[in-house]
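Hi there,

Here is the structure I promised to pass on.

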Amino acid sequence: MRLKPVSIGDITLKVPIIQGGMGIGVSLSSLAGAVAKEGGMGVISAAQPGYNLDEWKKDPLGANLNALGEHIKKAKELSGGGVIGVNIMRASCDYDKYVQCCVDNGADAIISGAGLPIELPKLLEGTDMKFAPIVSSLKAAKVLFTLWERRYKRVSDFVVIEGPKAGGHLGFTADEAVSLTKEQFDSEAKKIIDYVRSYGKNLGKNIPVFFAGGVFDRKDIDHYLALGADGVQMATRFVTTVECDAPMSFKQAYLNASEDDIVIVKSPVGMPGRAIRNPYVRLREQEREKITHCFRCLEKCDPATTPYCITMALIRAVRSESEADDSLIFCGENAFRLNKLTTVKEIFDELNS
Ligand SMILES: Cc1cc2nc3c(=O)[nH]c(=O)nc-3n(C[C@H](O)[C@H](O)[C@H](O)COP(=O)(O)O)c2cc1C
C-alpha cells in the first residue's frame, strides 16, 4: 500500500520520508536531489560542504557557504523542483551564516540537531523557511517549544525524533545508545509525538513528526506510523546507493561491516557517535591525536584536549579511497544489513508499495 503524503505548511512531501543529513560530504546535492525527485525530502549536510574546494583550507567558511549555496541550487534542479532541506548542526560555528545561506539560496527547510536550536525562529524571521529540531527526549521538545513560543511566538513546522539506533552523533549517553532497545524508546517517542500533536492542536497548527534511527524497511515505517508519527527520517539505507555523494570506499565499508564492527565512539562534539570500528577508530581507542591545525568548526571543541580532529577524520572518509582506513565512518546500527549497491528509486519503490 502506498504511504500517505504529508504536508508541512504549504509544502507537501508526496512520500513521507526525509533522507537524514549526513556530514561530511555524504549527503550533498546528488543524494538529496535524487530523494526529492522520488517525492521525499532530500537533505544536504551543511557540515563542511566545501571540503573538496581548493580555497577551503585557507577560507573554510567562505568555501563552505559557496558550496552549500551551489548544492542547494543543484539539488533543486536535479529533483525537478522537489523538496530540499539542509541539516545544520547547532554545535557548528557560524550557525547563523549557514542559516542565512539556506534562505538566500532557496532551500525549503532547515533541520537542526546536535544541540538545541533555540534562536532559529529569530534567525528565520520574515522568511517562510520551514524548520525542525532533532530531539531525543520529551524534555528537549518541551524546552524548545516553551522557549520558542515565549520568546518568538513561533514554534517549529515539523519535528524529527531521533532514537538510539541512529548514525552519526546521538542525543544519548554511550551506555544508553548501546542498551536502549527500540521498544524501550518507543514509549518516549510516543510521549514526544503526543506532546507535539497537542501543542499544535492548541495553536491550530499541524506539526508533523518524523521518527529517525534504525528505520530500515516498510515494516519499520508502518510501526512508527502506528505509533502516531507522520513519517520517518532515514539515512543509513541511502548510503549504499549509486547517488550517495560519498566515494565507493565509504559505501564498501558499509557493505563489508558485520554487526560487531558497529560501535559507539567519543566525539569532540561532546556527544557519542556511532561508527564503523576500522583501524582509525581502534587507534583512537589507544591514544589521542596530535592536532596541528584547527578549522574552528565546532563552538566547544578545544584543540588542546580534543581526542581527535573530527573534521579531518570525517573528510578523509570521503576525500580519497585510499584514506578509508584512516578515517571516521559514521553509520547507523543497521549498516551491517546492507549487502548491495542500489538506487534511490529502488529504495522508494520498495518502501512505497
Ligand atoms: C554517515 C552519517 C552521517 C550523519 N551526519 C549527520 C549530521 O551531520 N547531522 C545530523 O543531524 N545527523 C547526522 N546523521 C544522522 C542522520 O541524519 C539520521 O537522523 C540517522 O542516521 C537516522 O538513522 P538511520 O541511519 O538508522 O536511518 C548522520 C548519519 C550517518 C549515517
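Is R319 buried, exposed or partly exposed? R319 is partly exposed, because its relative accessible area is 44%; buried means under 20% relative accessible area, exposed means over 50%, and partly exposed is in between, with a 1.4 Å probe and protein chains only.

Before the rest, a word on the ground rules. This is a predicted model, in which local features need pLDDT of at least 70 and side-chain atom pairs count only at pLDDT 80 or more, while totals for chains, interfaces and linings use all residues. Residues are numbered from 1 along each chain as its sequence is written, and side-chain values use heavy atoms, with hydrogens and water left out.

Back to R319. This residue lies in helix α12, residues 310–319 (helices are DSSP runs of H or I with at least four residues, strands are runs of E with at least two, and both are numbered from the N terminus). Leaving aside residues up to four places away in sequence, R319 touches Y51 and M312, where contact means heavy atoms within 4.5 Å. The side chain of R319 also makes a polar contact with the side chain of E323, at 2.6 Å. A polar contact here is a pair of N or O atoms within 3.5 Å; within protein, one must be able to donate a hydrogen and the other to accept it, and residues adjacent in sequence count only if both atoms are side-chain atoms. In space, R319 and G25 are 8.7 Å apart, C-alpha to C-alpha, although 294 residues separate them in sequence.

Next, the salt bridges. The count comes to 21, taking a salt bridge as a side-chain nitrogen of Lys or Arg within 4 Å of a carboxyl oxygen of Asp or Glu. Three of them may interest you:

- D220 and K182 meet through their side chains at 3.3 Å, N to O. This pair links distant parts of the chain, with D220 in helix α8 and K182 in helix α7 (residues 182–203), 38 residues apart. D220 counts as buried because its relative accessibility is 10%, whereas K182 is partly exposed at 25%. Beyond residues up to four places away in sequence, D220 touches K182, G214 and V215.
- R274 and E333 meet at 3.9 Å, N to O. Here too the pair links distant parts of the chain: R274 is in strand β13, E333 is in the loop between α12 and α13 (344–351), and they are 59 residues apart. R274 is buried, with a relative accessible area of 2%, while E333 is partly exposed at 29%.
- K345 and D349 have their closest N and O atoms 2.8 Å apart. Both lie in helix α13, four residues apart, about one turn of the helix. K345 counts as partly exposed at 44% relative accessibility, and so does D349 at 39%.

There is also a network: salt bridges that share partners join R284, E289, R316 and D326.

Lastly, which residues of helix α11 (residues 279–286) are buried? They are Y280, V281 and R284. Seen down the axis of α11, these buried residues fall within an arc of 95 degrees, so they line one face of the helix; the arc is that of the directions from the helix axis to the C-beta atoms. The buried residues of α11 pack against β12 (262–265), β13 (273–276) and α12.
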